[in-house]
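Please look over the chain and its fold before reading on.

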Amino acid sequence: MNSPTSPTTRRCMHSHSDVCIVGNGAIAKTTALAFAQAGQSVTLLSPVSPSAPTAAVKPVEASWDVRVYALNHTAHQLLSSLKVWGALEADRVAPVDAMLVNGDGAQAGGLGFDAYGAHVGSLAWIVEDRNLGQALDAALKFAPNVSVLQGRASRLEWTNDSAIVHLDGGDTITCALVVGADGAQSWVRGQCDIGLDYRSYGQRGVVSNFACEKPHHGAAHQWFTGSEGIVALLPLQGERVSLVWSAPDALADTLMSESADALAERLAAYSHDKLGKLTPLQPELVRAFPLTLMRPHAMVAPRVALVGDAAHVVHPMAGHGMNLGFADVAQLVKTIAEREAHRGIGDERVLARYARARKEDVLLMQLATDGLARLFGADLEPLRVVRNLGLNLLDKLPALKRKMISHALGHH
């Protein structure tokens with residue numbers, strides 16, 4: 001018998017919902033909102049505690065997040081339908097009106113895309129991770145049928161008609177469908193014994209933000225440099241740009257050991273003619289992350305669907321990793337909504353349809369980004385000539401350019 005001062009035994013909680021989503025990033029939160037809007041009850045299992053709310057600051061005074069996304073029309077449409085796009089800080093969202101791709105060497109080729117030629121208002125929108133996260137969190141607070149739990153999943157179990165997520169401490173979540181939205185090192189994927197093809201690019205993405213001397217006019221610039229990797233400068237609101245430098249590991253080590261001012265000087269070799277002098281917005285904020293290609297052997301398992309980086313990781317050169325994830329979410333919710341009345345949301349055939357619907361889009365993006373990374377990463381003169389000729393030729397083929405733009409926008 002317990003004495004009055006002994007600790008009380010915590011009772012385990014056993015919750016039930018239609019869908020359990022594992023993850024705490026933008027894709028996981030969007031999935032929760034999309035299923036809730038479709039009328040499903042949702043448990044969002046966040047493996048870490050929510051970040052503390054930031055103090056209210058005026059947008060012009062706030063720092064600029066070094067992690068940004070180039071969101072395409074598929075992402076825009078999905079987030080708009082979930083009332084998230086309208087909740088973004090609009091004066092921190094920068095439309096991309098043109099994309100200028102530059103080859104390398106003395107005979108550098110070039111390729112240009114613009115919104116006017118694509119018959120759209122904007123090619124994409126640059127959105128900070130923090131801005132997107134805050135809008136999603138605000139939407140989740142008002143979402144019906146969404147329960148947000150904090151905890152660490154320890155085991156995934158299947159019965160005839162459900163999946164059970166076991167948590168450390170004994171709590172369980174019973175559901176008809178588990179969605180793995182838990183990133184490249186997905187716990188859900190591991191529980192399903194889904195095989196994985198993995199390759200490191202031997203590169204890291206070095207990111208930081210700069211003020212630019214000349215107006216960027218909403219243009220995103222990308223330089224394929226050969227030996228120094230791929231340099232991209234994306235437009236932010238005002239006279240600011242965000243850097244994503246896919247740098248070989250040895251160069252990335254050097255870039256990270258130098259000051260942000262030294263990084264700006266290195267960038268001048270590429271950007272000076274178009275953007276003028278670059279000045280670090282926050283000299284202390286230079287980050288790097290490893291670049292890999294990951295191809296899981298399946299996007300689904302019994303009562304399990306993978307979305308986002310849990311389902312595929314691609315080279316960030318085109319900025320489409322997040323867009324692939326949003327397209328996964330839209331397709332998964334659509335496929336389940338269109339199922340026959342006698343099939344449940346975790347039905348094997350329904351999930352197989354989702355996997356088939358996403359296969360081509362994901363494969364095309366993997367092949368395109370991987371092929372370009374290999375082609376432009378080789379520092380051989382014959383290849384340099386061929387790829388520059390290819391860029392120039394593609395720039396003169398409007399039909400093929402339109403097809404490429406349409407795919408990049410998310411129009412299939």
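## Packing around Phe35

Leaving aside its neighbours within four places in sequence, Phe35 is in contact (heavy atoms within 4.5 Å) with Val19, Ile21, Gln40, Val42, Leu177, Val179, Leu332, Val333 and Ile336. This is a predicted model, in which local features need pLDDT of at least 70 and side-chain atom pairs count only at pLDDT 80 or more, while totals for chains, interfaces and linings use all residues. Residues are numbered from 1 along each chain as its sequence is written, and side-chain values use heavy atoms, with hydrogens and water left out.

Phe35, together with Ile21 and Leu132, has the most contacts inside the largest nonpolar core, which has 66 residues. Such a core is a set of buried Ala, Val, Leu, Ile, Met, Phe, Trp, Tyr and Cys residues joined through side-chain atoms within 4.5 Å; buried means under 20% relative accessible area, exposed over 50%, and partly exposed in between, with a 1.4 Å probe and protein chains only. Helix α1 (residues 26-37) contributes the largest share of this core, 8 residues; helices (H or I, at least four residues) and strands (E, at least two) are DSSP runs, numbered from the N terminus. A second, separate core of 20 residues includes Phe210, Ala252, Leu255 and Leu263.

## Two helix partners of α1

The axes of α1 and helix α8 (residues 321-337) come within 10 Å and cross at roughly 20 degrees, which makes α1 roughly parallel to α8. Axes are lines fitted to C-alpha atoms, for helices over the stretch in contact, and angles run from 0 to 180 degrees between N-to-C directions; those under 35 degrees count as roughly parallel, over 145 as roughly antiparallel, 65 to 115 as roughly perpendicular and the rest as oblique. On the α1 side the contact is made by Ala26, Ile27, Thr30, Thr31, Ala34 and Phe35, and on the α8 side by Met322, Gly325, Phe326, Val329, Leu332, Val333 and Ile336. By class, this contact of α1 with α8 has 10 nonpolar, 3 polar and no charged residues, where Ala, Val, Leu, Ile, Met, Phe, Trp, Tyr, Cys and Pro count as nonpolar, Asp, Glu, Lys and Arg as charged, and the others, Gly among them, as polar.

With helix α4 (residues 129-141), α1 packs at an angle of about 30 degrees, the axes being 10 Å apart, and that makes α1 roughly parallel to α4. Here Ala26, Lys29, Thr30, Ala32 and Leu33 in α1 meet Leu132, Gly133, Leu136, Asp137, Ala139 and Leu140 in α4. The contact of α1 with α4 has 7 nonpolar, 2 polar and 2 charged residues by class.

## The chain as a whole

The protein chain has 11 helices and 19 strands, and buried residues make up 50% of its 412 residues.
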